Amino acid sequence: MFKRRKNRLYSERRRKNKLKWDKYTTHTVYDDKDVAVILQNTSLYTVISNYVPLKRKGCNYVSRCPFCRDLGKNTTHFVVSTQKRRYKCFLCGISGRHPTSFLTQYHDIPFSDAIRHINNYYHRG
């Protein structure tokens, strides 16, 4: 019963985030070159640190996973590596290499909206 309740609350939170994103969408079309420049100039740490409080541990940053919520444990399974430009949760297995993949997984939005968000909020363009 606890798992069902948790999944329902999780899906409600995702639905609310989706509604927040709908009002920010615009109809800007980006070329492949523009997307490559945006991804190259955007730090993975900067994007993820706006959603998850990251702590430095060696050359990586660690935190509780924003996707699985660590099932109530106070352990840090979510690792962000700035040298390798990738993130991974060792509990639920979610991983990615770009800020857009994090935003598409976190907010459940398409790639084009993630590019728009990064361009508008991190590059002010």
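Q: In the hairpin of strand 4 and strand 5, which residue takes a positive phi?
A: In this predicted model, Gly93 takes a positive phi near 90 degrees, and the hairpin has 5 residues between its two strands. Strands are DSSP runs of E with at least two residues, and helices are runs of H or I with at least four, each numbered from the N terminus; two strands pair if DSSP finds at least two bridges between them. Here strand 4 and strand 5 run antiparallel and are joined by 2 bridges, with Ser95 in strand 5 as the bridge partner of Lys88. Residues are numbered from 1 along each chain as its sequence is written, and side-chain values use heavy atoms, leaving out hydrogens and water. Local features need pLDDT of at least 70 and side-chain atom pairs count only at pLDDT 80 or more, whereas totals for chains, interfaces and linings use all residues.

Q: How many residues lie between strand 3 and strand 4 in their hairpin?
A: There are 4 residues between these strands, and Arg85 in the turn has a positive phi of about 55 degrees. The two strands pair in the antiparallel sense over 4 bridges, and one of the bridged pairs joins Ser81 to Arg86 of strand 4.

Q: In what order do the strands form the sheet?
A: The 5 strands form an open sheet in the order 1-2-3-4-5, with antiparallel pairing. Its edges are strand 1 (55-57) and strand 5 (95-96), each of which pairs on one side only. Within the sheet, strand 2 and strand 3 pair in the antiparallel sense over 4 bridges, and Tyr61 stands opposite Val80 in strand 3.

Q: How far apart are Pro66 and Tyr106 in sequence and in space?
A: They are 40 residues apart in sequence but 7.7 Å apart in space, C-alpha to C-alpha. Pro66 is found in the loop between strand 2 (60-63) and strand 3 (78-81), and Pro66 is buried, with a relative accessible area of 2%.

Q: At what angle do the axes of helix 2 and helix 5 cross?
A: Two packed helices are described by the angle between their axes and the distance between the axes. The axes of helix 2 (residues 32-40) and helix 5 (residues 111-122) come within 10 Å and cross at roughly 60 degrees; axes are lines fitted to C-alpha atoms, for helices over the stretch in contact, with angles from 0 to 180 degrees between N-to-C directions. Helix 2 is therefore oblique to helix 5, since angles under 35 degrees count as roughly parallel, over 145 as roughly antiparallel, 65 to 115 as roughly perpendicular and the rest as oblique. Val35, Ile38 and Leu39 in helix 2 meet Phe111, Ile115, Ile118 and Asn119 in helix 5.

Definitions and conventions: Buried < 20%, exposed > 50% of the residue type's maximum accessible area, 1.4 Å probe, protein only. Contact = heavy atoms within 4.5 Å.
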